Amino acid sequence: EGAPQLELMMATWLSLSFSTFLRFSDAAVILCSDVRFHADHMEVFIDSRKNDQFRAGSVVLVARGTGPACPVNLTARLIAAGDLVGKDVPLFRSFDARKKRIVLGTKQLEYARLQYTLLPMLANLLGLSVEETTRMYGLRSARSGGASRAAALDVPDRVWKQHGGWRSEKA
């Protein structure tokens, strides 16, 4: 509650990428207008994914949870905090941190900017040094960690593959 928008954006990126197995390039192109909220889930339309062989885009369904890390609740809070409901701006936006107050922009967040912002926040949260955290985690850890966790929970292969955008079990 009451988290600054930048911290809320970082938490949303981590939670959404983990729960939906999104690559950075998939998450970076999500527009606020591509997110639809329902009582028990949200739908996220991703116009183009790296492994979208038919270039038709895909809709990712995300169930609503009850905890503080629920990707649906975090996404709703992020969109509401920026007054971005239905707007064609990236969900994960660039920002200017040179001033006393961080100002979120209107362009999509860059990979390096996310990495240099999220990993120190994660280090602080885990009580580790930034060096330890960087050695243990990367931005790809969210996608692979979420997929590994789902596989360990015996999520049906069909659902698991569709959610991650994979066509074969070998992936």
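Reply: Helices (H or I, at least four residues) and strands (E, at least two) are DSSP runs, numbered from the N terminus. From the N terminus on, the order here is α-α-β-β-β-α-β-β-α-α-α-α. This is a predicted model, where local features need pLDDT of at least 70 and side-chain atom pairs count only at pLDDT 80 or more, while totals for chains, interfaces and linings use all residues. Residues are numbered from 1 along each chain as its sequence is written, and side-chain values use heavy atoms, with hydrogens and water left out.

Me: How many helices and strands does the chain have?

Reply: Seven helices and five strands.

Me: And how much of the chain counts as buried?

Reply: 40% of its 171 residues. Buried means under 20% relative accessible area, exposed over 50%, and partly exposed in between (1.4 Å probe, protein chains only).

Me: OK, helix packing. At what angle do helix 1 and helix 4 pack?

Reply: About 90°, and the axes of helix 1 (residues 5–20) and helix 4 (residues 111–126) are 11 Å apart. Axes are lines fitted to C-alpha atoms, for helices over the stretch in contact, and angles run from 0 to 180 degrees between N-to-C directions. That makes helix 1 and helix 4 roughly perpendicular; the cut-offs are under 35 degrees for roughly parallel, over 145 for roughly antiparallel, 65 to 115 for roughly perpendicular, and oblique for the rest.

Me: Which residues make the contact?

Reply: Helix 1 brings L6, E7, M10, W13 and L14, and helix 4 brings L114, T117, L118, M121 and L122. By class, this contact of helix 1 with helix 4 has eight nonpolar, one polar and one charged residues. Ala, Val, Leu, Ile, Met, Phe, Trp, Tyr, Cys and Pro count as nonpolar, Asp, Glu, Lys and Arg as charged, and the others, Gly among them, as polar.

Me: Switching to helix 3. Which of its residues are buried?

Reply: P71, V72, L74, T75, L78 and I79. They cover an arc of only 165° around the axis, so they sit on the same side of helix 3. The arc is that of the directions from the helix axis to the C-beta atoms.

Me: What covers them?

Reply: The cover over the buried residues of helix 3 includes helix 1, strand 1 (35–37), strand 2 (41–46) and strand 3 (58–63).

Me: T75, then: buried or exposed?

Reply: Buried, at a relative accessible area of 0%. Leaving out residues up to four places away in sequence, T75 touches T12, L16, V35, F37, M42 and L91.

Me: Last one: how many disulfides?

Reply: Zero in the whole structure, taking a disulfide as a pair of cysteine sulfur atoms within 2.5 Å. As for cysteines, C32 is buried at 2% relative accessible area, and C70 is buried at 6%.

Key. Contact = heavy atoms within 4.5 Å.
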